[in-house]
Amino acid sequence: MAEIEAVEVTRSYRMDGVSVDALRGVSLTIEEGDYAAIIGPSGSGKSTLMHLLGCLDRPTTGTLLVGGRDVGTLDDSELAELRNQTIGFVFQSFQLLARTTALDNVALPLVYRGVRRAERRKRAAEALDAVNLGHRIGHKPTQMSGGEQQRVAIARALVGEPSVLLADEPTGNLDTVNGDEVMGILERLNKERGVAVVLVTHEADIAARARRIIRVRDGLIEAVAEAPEPS
Ligand SMILES: Nc1ncnc2c1ncn2[C@@H]1O[C@H](COP(=O)(O)OP(=O)(O)O)[C@@H](O)[C@H]1O
Ligand SMILES: [Mg+2]
């Protein structure tokens, strides 16, 4: 079963009586253990697509299956539950709580799941270990570099043991060294844990590391390029 399957999804935004067709009919399958990069010009619909794949938003028309379930048949709380079980989301701007320790930032999603405090702390510490931040659990985001903050954000996305990680320009605010470290961690999670990774990037050399490059333009998939099989 595919992790996520979008069939002819569209998303229109309505603002002040004007409609913007951000996605105009996109079909895309994310398989178990996939590693895909989404590229395309600014405004082409990449973030809109990521938000749909991540169940942060719903399609205007079309069908979206996540974990085999049609999101159109789910109410908001069922959709939130499905998202929590299946998907971890990483944002360009990290979106951490600034005055909260790394450990508590990472543990936060487990609060909403009703996990008890001791178990939350244990699992958050493990997730921070997995992003090489086991030595920084008591630090606050304001005391960390951008690369470290993004790794905390990855740990937070990981703590619920999702089968898919969606990352919207995860290296967009990072320098090359920190960007490389973040990419290394995403790739290790993909390889060693089989977590499917879908990321948006502007950088050709980052996209080239994925097994599949999906090019979006004007709300449509313009091309899909598969990487050659490793020999
Ligand atoms: N919340 C929103 N309300 C109205 N228009 C939006 C909203 N989000 C995105 N758009 C519009 O949808 C189009 C696609 O945006 P987006 O998905 O953010 O593109 P990208 O991530 O590729 O830069 C753009 O024209 C953008 O202005
Ligand atoms: Mg975007």
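**Helix packing and sheet arrangement in the predicted model**

Helix α3 is followed by Gly114, whose phi is positive, near 75 degrees. Helices (DSSP runs of H or I, at least four residues) and strands (runs of E, at least two) are numbered from the N terminus. The structure is a predicted model, in which local features need pLDDT of at least 70 and side-chain atom pairs count only at pLDDT 80 or more, while totals for chains, interfaces and linings use all residues. Residues are numbered from 1 along each chain as its sequence is written, chains are lettered from A and ligands numbered from 1 in the order in which they are written, and side-chain values use heavy atoms, with hydrogens and water left out.

Within α3 (residues 102-112), the buried residues are Ala102, Leu103, Asn105, Val106, Ala107 and Leu110; buried denotes under 20% relative accessible area, exposed over 50%, and partly exposed the range in between (1.4 Å probe, protein chains only). These buried residues pack against α4 (117-130) and α5 (146-158).

Helix α5 contains Arg156. Arg156 is buried but has no salt bridge, and Asp104, the nearest side chain of opposite charge, is 12 Å away. A salt bridge requires a side-chain nitrogen of Lys or Arg within 4 Å of a carboxyl oxygen of Asp or Glu; for charge, Lys and Arg count as positive and Asp and Glu as negative, with His and the chain ends not counted. A polar atom of the Arg156 side chain lies 2.6 Å from the backbone oxygen of Gln95. Beyond its neighbours within four places in sequence, Arg156 is in contact (heavy atoms within 4.5 Å) with Phe94, Gln95, Leu96, Asn105, Val106 and Pro109.

Strand β6 (residues 87-90) is covered on both faces, with Ile87 and Phe89 buried on one side and Gly88 and Val90 buried on the other. Strands β6 and β7 (residues 164-168) run parallel and are joined by four bridges, pairing being assigned where DSSP finds at least two bridges between two strands. Phe89 has Leu166 of β7 as its bridge partner.

A four-stranded open sheet has the order β2-β1-β4-β5, with antiparallel pairing. Strands β2 (18-30) and β5 (69-70) stand at the edges, each with a single partner strand, so one side of each lacks a neighbour in the sheet. Five bridges connect β1 (residues 4-15) and β4 (residues 61-66) in the antiparallel sense, and Ile4 has Val66 of β4 as its bridge partner. Helix α1 (residues 46-53) packs on this sheet, touching β1, β2 and β4.

How values were computed: Polar contact = N/O pair within 3.5 Å; in protein donor to acceptor, adjacent residues only side chain to side chain. Axes fitted to C-alpha atoms, helices over the stretch in contact; angles between N-to-C directions.
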